[in-house]
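Try each one before reading its solution.

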Protein chains: 2
Amino acid sequence: MASYHPNDPTLTSWVPTPPDHPFPLQNLPFGIFAPRPGDPRPGVAIGDHVLDLAELGLLEGDSLNDLMAQGPAAWRDLRAKISWLLNAGNPELRDHPGSALHRSAEVELLLPARIGDYVDFYSSLEHATNVGSMFRDPANPLLPNWRWLPIGYHGKSGTIALSGTPVRRPKGQLTADNQTAVYAPCRRLDIELETGFFLGSHTDIFGLVLLNDWSARDIQRWEYQPLGPFLAKSFLTSISPWVVTLDALEPFRVDGPAQQPEPLPHLQTPEPRNYDLHLEVWLQPASAPRATCLARTNFRHMYWSMSQQLQHLTSNGAPVRPGDLCGSGTISGPTPDSYGSLLELAWNGTRPLTLDTGETRTFLEDGDTVTLRGWCQGAGYRIGLGDVTGQVVPA
Amino acid sequence: MASYHPNDPTLTSWVPTPPDHPFPLQNLPFGIFAPRPGDPRPGVAIGDHVLDLAELGLLEGDSLNDLMAQGPAAWRDLRAKISWLLNAGNPELRDHPGSALHRSAEVELLLPARIGDYVDFYSSLEHATNVGSMFRDPANPLLPNWRWLPIGYHGKSGTIALSGTPVRRPKGQLTADNQTAVYAPCRRLDIELETGFFLGSHTDIFGLVLLNDWSARDIQRWEYQPLGPFLAKSFLTSISPWVVTLDALEPFRVDGPAQQPEPLPHLQTPEPRNYDLHLEVWLQPASAPRATCLARTNFRHMYWSMSQQLQHLTSNGAPVRPGDLCGSGTISGPTPDSYGSLLELAWNGTRPLTLDTGETRTFLEDGDTVTLRGWCQGAGYRIGLGDVTGQVVPA
C-alpha cells in the first residue's frame, strides 16, 4: 500500500456512489451513529451507507473525542485502512460485509463529539463589512482591530445539536426605542452560514462540518453591548453529522485573500491557506412545494483561515481540548447573492427576498426550513459536507 | 429526626471546628477529593477533615454532576444525613470513624464538577458604573440595557481550574494607539472578585464557590469590540474547591438593592434575594512576609441576584445542564476600598495601591499571590466558602 493514497481521484468503491454524491470513497467522513437505539458507535459515511468501525474493531466509543486526541498520523493511518477496505478491488469486506455496513436511512445519527468549548469567529471581510455598514458607518465599517486578529467569542456548547433538530423560535427582550424593552418571541430570526472545525490539539484540526449559527437579531441588538452576543445565539447551533477530515479536503486548497497589514508573526501561515468549498443556502416555507436557493458563496473568500483562527485562539497560552469546536463566522462573498445571512441578503429588512413560489422573506417565519449545503468539486466526484437543516417551530 | 435541622446554630460536631473555621457542622460543603492519587470521590468538608461519601456508601463518582442533577429534595436529604452522622451526640461514626474521615492536608482536591458551559455575568451596579465611568462617560456610565437585564457572556469552561493553580501571565495583542498592535506578555494583569454558582437544573441552584476571573486588561481593550471579552479572560478562571449549598446559606438571606425600573415579570423574584456574604481580596508579593487586604465588600450589594441571572439565562428557551457554572461578575461595593478589581481599586492605574510592606501596585506583578476569601457570619460560627488563591508566574 506504499503508493496507495485515499485522495486518488481514480479510486472507486464497491459501495455505489454516484458522481454528485457527497460521500464517495475519496471523502470518508467520520461520525457517530446508532444502528439500534442506545447503541452509539463510530462510523464512516460511504455513499448511502455507514461503515461500522466498532463492528470492524477499528474504533470504539460513543464520541470521536478519543480519535481526535490521537493526532494526524493516526487519523491518516485509519483513513487509509478504511479506504482500502472499501476499495472496489479489495474482496475482503466486499464479498463478506456481514453486519459492518448499514443503510444510512436505517440508523440514527448522533453528535460526533462531546464538545467542550465552542468558539465562534467573525472572519469574513465581506460579512464584517456588511454588518459594519448597516449598523455603524458605511464609510468606515471595520473596527481597527479587525485586520489584526480573528475576532471571536465563546458560545454555548450545550445547545449545539445535530442537523434536523427543530428550531424553536426563541423569546427575549426586544427594544423599539433603545431605552425600554418587552419580553416577547423573536421577530427577526436569522441564519448564519458557517463551517465549524473540530480540534485535535492546539496545533491540529481534525475536520470540518457545516454549521448554522441561528441568530435572533432583535434580541442581539438589545443585549450585545458591552459583552457581546449571548442569548441571541445560545438557543441553538446546528451542525451536520459527518466530520470531513482536512486530509480529504487537501486537494482543494487555494490561496486566501491578500492580508493587509501583514499578520503579526504568530498569525502567519503558509499559502494555500483556504479551501475551494462551494456553499449554498436553501429556504423552503412550510406551504411551498420546493426550496429556493437564496445564496451561493465559497469558503475561499474567508480573510482569516482556520489555522490562523486556531493560532489566535491559543496565543494567550490557554490549552484547548480534543473535541472543541470553532465556527468560521458567517461566510459571505463579494456579491449580494453570496451573503451568508438573511440580515445581509435582505439588507436589514429593507430589500425583501422573493422566493421561487412568489412569497417574500426578510427574516424566518414559523414553518420555514433552512438547509445549508457545501462541497468541493473534484474531477468526476465531490467531497461533500452533507447538509445541515432545521425547521422553525413557533415560540 | 423530624425536628432536626442542619442549619440549627446550636449543633456541634465530634470533629473539632473552631468558631472562625469556614467549615463547621452548619456548612457541609461538597467537593471531589482523592485520598490516593487516581482515586477521586465525593466528600464533605468538616473542620480540617474531609468526610468520604464513597466510603460511607452515600455518593459515588468523580464529579458532583449526578448529585447536582438530583434536585433540591435529594440535596437536602443527603445534607441532613451527613449532619446527623457528624453530630456530636451521634456515636455511630464518632466512635468508629474507620477510614471515612481524612485529614484535609493529606488529600488532593479536584474540580467539583465537569463544567459544561460557563457564563460570566456583569451584575454589580457599582462595578459597571466604575468601568463605564473610566472608559465611556462618567456622567452616563451605564448603557440603557443594564438595568433591564443581567448582562452576561459565555466564557471558556476548559480553563476553569482549582484554587492554587499557577497563573501564567498570558500573551496577546496589545495596542498603544488603538490602530496597531504588538504581540507581547500582558502588562495589565488583574483579578475579578466573584462568586460562582453551579446549576442543578433550569430552576435550581446547587451551591456557591468563590471565583477569580483573572483578566488581561490590555488584551481586553484591543480585542473586545464588537463581540466581547475573549482571550483576555480565557487563560484561567480559578474557583474554590468546596461547593457551599444554598441550603447552608439560607439563614443569611437579605434583601437586594431596589431595582428601578421594576424588572419585567419573567425576571421578578421574591425578597430576600441576596445573601449577607462578606468578601475580601488579599495580595502578597513574592518577597513580602505577609499579605495585604486590598478590599472588603459584600455580596449583598449585587443588583441582579443569582435567581434573576438564572431566569435570564433560560429566558430564550435554551436548556442548561447540571454542572454548568455561572460567575456573578465582579463584586464591587459603594466605597473605594470595596471594589472587586485592581482596575477599580487603582482607578485604571492612576491611583497606585500601597501594600503593608510599602510596595505599590496598579496591576499584578510576577510572583504576586492573590487570595479571595468569603464567609457568612453567624452567632458563634461562620459559613465559609474557603479560599481561592493563585500566584502569578512569568509569561
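**Exercise 1.** How many residue pairs are in polar contact between domain 1 of chain A and domain 2 of chain A?

*Solution.* A word on the model before we start: it's predicted, local features need pLDDT of at least 70, side-chain atom pairs count only at pLDDT 80 or more, and totals for chains, interfaces and linings use all residues. Residues are numbered from 1 along each chain as its sequence is written, chains are lettered from A and ligands numbered from 1 in the order in which they are written, and side-chain values use heavy atoms, with hydrogens and water left out.

Step 1: find the domains. Chain A is assigned domain 1 (30–108) and domain 2 (118–393), with bounds from an automatic or database domain assignment.

Step 2: count the pairs. There are 3 residue pairs in polar contact between these domains, both residues at pLDDT 80 or more. A polar contact is a pair of N or O atoms within 3.5 Å; within protein, one must be able to donate a hydrogen and the other to accept it, and residues adjacent in sequence count only if both atoms are side-chain atoms.

**Exercise 2.** Which residue forms a salt bridge with A:R76?

*Solution.* Look for a side-chain nitrogen of Lys or Arg within 4 Å of a carboxyl oxygen of Asp or Glu. The partner is A:D247, and the closest N and O atoms are 3.1 Å apart. Between the two domains of chain A, the count is 1 salt bridge.

**Exercise 3.** How many residues of chain B are in contact with chain A?

*Solution.* Step 1: apply the contact rule, heavy atoms within 4.5 Å. That gives 52 residues of chain B against 52 residues of chain A.

Step 1: look at the area. About 4,900 Å² is buried between the chains, with carbon and sulfur atoms giving 61%; buried area is the accessible area (1.4 Å probe) that two parts lose on being put together, summed over both. On the chain B side, B:L227, B:F230 and B:N316 lose the most area, together 16% of what that side buries.

**Exercise 4.** Is B:T159 buried or exposed?

*Solution.* B:T159 counts as buried because its relative accessibility is 5%; buried means under 20% relative accessible area, exposed over 50%, partly exposed in between (1.4 Å probe, protein chains only). Its neighbours, not counting residues up to four places away in sequence, include A:A318 and A:P319.
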